[in-house]
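Me: Can you walk me through a model I have open? I'll ask as I go.

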Amino acid sequence: MAVTPRTSQGHGWLRPAIGVVELSQCIIQAVPLSARKPIGGSTEGVAPFLQLPHFSEAVVKKIARKKVRTFEDLIDMTPEERTELLTQVGGFSDDETKDVELVLNMMPSITVDVVCETEGEEGIQEGDILTLHAWITLQRGNGLIGALPHAPYYPFHKEESFWLVLADPVSNEVWLSQKVTFMDEAAALTAVSKAIQESKEGSGATTKEINQAVKEAVEKVRKGSRLVMAKFQAPAEGNYNLTCYCLCDSWIGCDKKSGLKLKVFKRSRAGTRGALVEEGPLVPILEEEEEEEEEEVQDDYESEYSEDEEENDPKKNAAAPNGVAHEKERSSGSELSDSDEA
């Protein structure tokens, strides 16, 4: 949906795409959409609090009096400070406080490192094929990388998924999007090794340099990072202030975004730079289609006397695969002539 072309009215799809992911978060965490209404200093409202066990809006109001107004304020506290706050202000028992700590340690913390460039070239010119390199790193308090979300009210098996979206928030236009998962480390190791090797070989790196780059990438994956590589064409000349979003479909309040400034220069030489393979010309294909259409039209407008001409032509009276059909036509023609004589 995010990369769907603009409508005839020029509407983009960034905000609708983000809205779909936020709806998924609320469904999985059984939190009403109305709870996302911004309140106080929190842009997410009370929704992130309500996904924690034993929390309610009344508890959120109580801890807000102690200057814990956002979900980030709660996360930034030490476990001891949270325990004291929840027991003394929120009225939680020791077991309920442990439940909260358990879920907080399951929640992912995401960082995104993005680079966009034209491979093998300095600077970006309009029409270039750009390559996006994005390293997404996940950390949890419990030390796990791949884990199922805490969703006690969701009736189905659900794995965490993340969406990397590069977009222009001013024009509401999505440039690209890609799904990311941390569940299958083996598949991630295979994919990153192949991607780094092909990228380095394309840039003319030596075997030693390729092996070193692959080794470093593999180590990153094992520590909880995933590499996203995508190609797209540079737009017209100008300065672009883009935003790279990393959206989680299962947790509320875990989304991250980072800015990416792109300066595109006017094209100074012919050709399209980059590694994306362009499609061939379509003109010959169109000509062949036109010729086929002309032949079909000629067949449709054949004279009614063409059958008689074929009968008089000894070459065309030879046996053919569809000779039975010709026999039927001749018999029908003779029946018609007998009826005329009558």
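Me: Where does lysine 67 lie?
Reply: Lysine 67 sits in the loop between helix 3 (57-64) and helix 4 (71-75). Helices here are DSSP runs of H or I with at least four residues, strands are runs of E with at least two, and both are numbered from the N terminus. Residues are numbered from 1 along each chain as its sequence is written. The model is predicted, so local features need pLDDT of at least 70 and side-chain atom pairs count only at pLDDT 80 or more, while totals for chains, interfaces and linings use all residues; side-chain values use heavy atoms, with hydrogens and water left out.

Me: Is lysine 67 buried or exposed?
Reply: Lysine 67 is exposed, at 64% relative accessible area. The cut-offs are under 20% for buried, over 50% for exposed and in between for partly exposed, with a 1.4 Å probe and protein chains only.

Me: What about the phi of lysine 67?
Reply: Phi of lysine 67 is near 65°, a positive value in a residue other than glycine. Most residues other than glycine have a negative phi.

Me: Which other residue has a positive phi although it is not a glycine?
Reply: Alanine 30, with a phi of about 55°. Alanine 30 is in the loop between helix 1 and helix 2 (47-50), and it is partly exposed at 44% relative accessibility.

Me: Switching to salt bridges. How many are there?
Reply: The count comes to 6 salt bridges, where a salt bridge is a side-chain nitrogen of Lys or Arg within 4 Å of a carboxyl oxygen of Asp or Glu.

Me: What does arginine 82 pair with?
Reply: Arginine 82 meets glutamate 101 in a salt bridge, 2.7 Å from N to O. Glutamate 101 belongs to helix 6 and arginine 82 to helix 5, so the pair ties together parts that are 19 residues apart in sequence. Glutamate 101 is buried at 14% relative accessible area, and arginine 82 is buried at 7%.

Me: At what angle do the axes of helix 5 and helix 6 cross?
Reply: Roughly 135°, with the axes of helix 5 (residues 79-88) and helix 6 (residues 94-106) coming within 10 Å. That makes helix 5 oblique to helix 6. Angles under 35 degrees count as roughly parallel, over 145 as roughly antiparallel, 65 to 115 as roughly perpendicular, and the rest as oblique. Axes are lines fitted to C-alpha atoms, for helices over the stretch in contact, and angles run from 0 to 180 degrees between N-to-C directions.

Me: Back to the salt bridges. What does arginine 140 form one with?
Reply: Glutamate 160, the closest N and O atoms being 2.6 Å apart. Both residues are in the loop between strand 2 (129-139) and strand 3 (162-168), so the pair ties together parts that are 20 residues apart in sequence. Arginine 140 is buried at 8% relative accessible area, and glutamate 160 is buried at 2%.

Me: Which residues are linked in a network of salt bridges?
Reply: Glu22, Arg36 and Glu44.

Me: Last topic, the surface. Which residues make the nonpolar patch?
Reply: Leu23, Ile27 and Leu33 make a nonpolar surface patch of about 270 Å². Leucine 23 is in helix 1 (residues 14-29) and is partly exposed at 38% relative accessibility. Patches take residues with over 30% relative accessible area and no salt bridge, joining like charges within 9 Å and nonpolar side chains (Val, Leu, Ile, Met, Phe, Trp, Tyr) within 5 Å. Accessible areas come from the Shrake-Rupley method with a 1.4 Å probe, and for residues only the protein chains shown count as cover.
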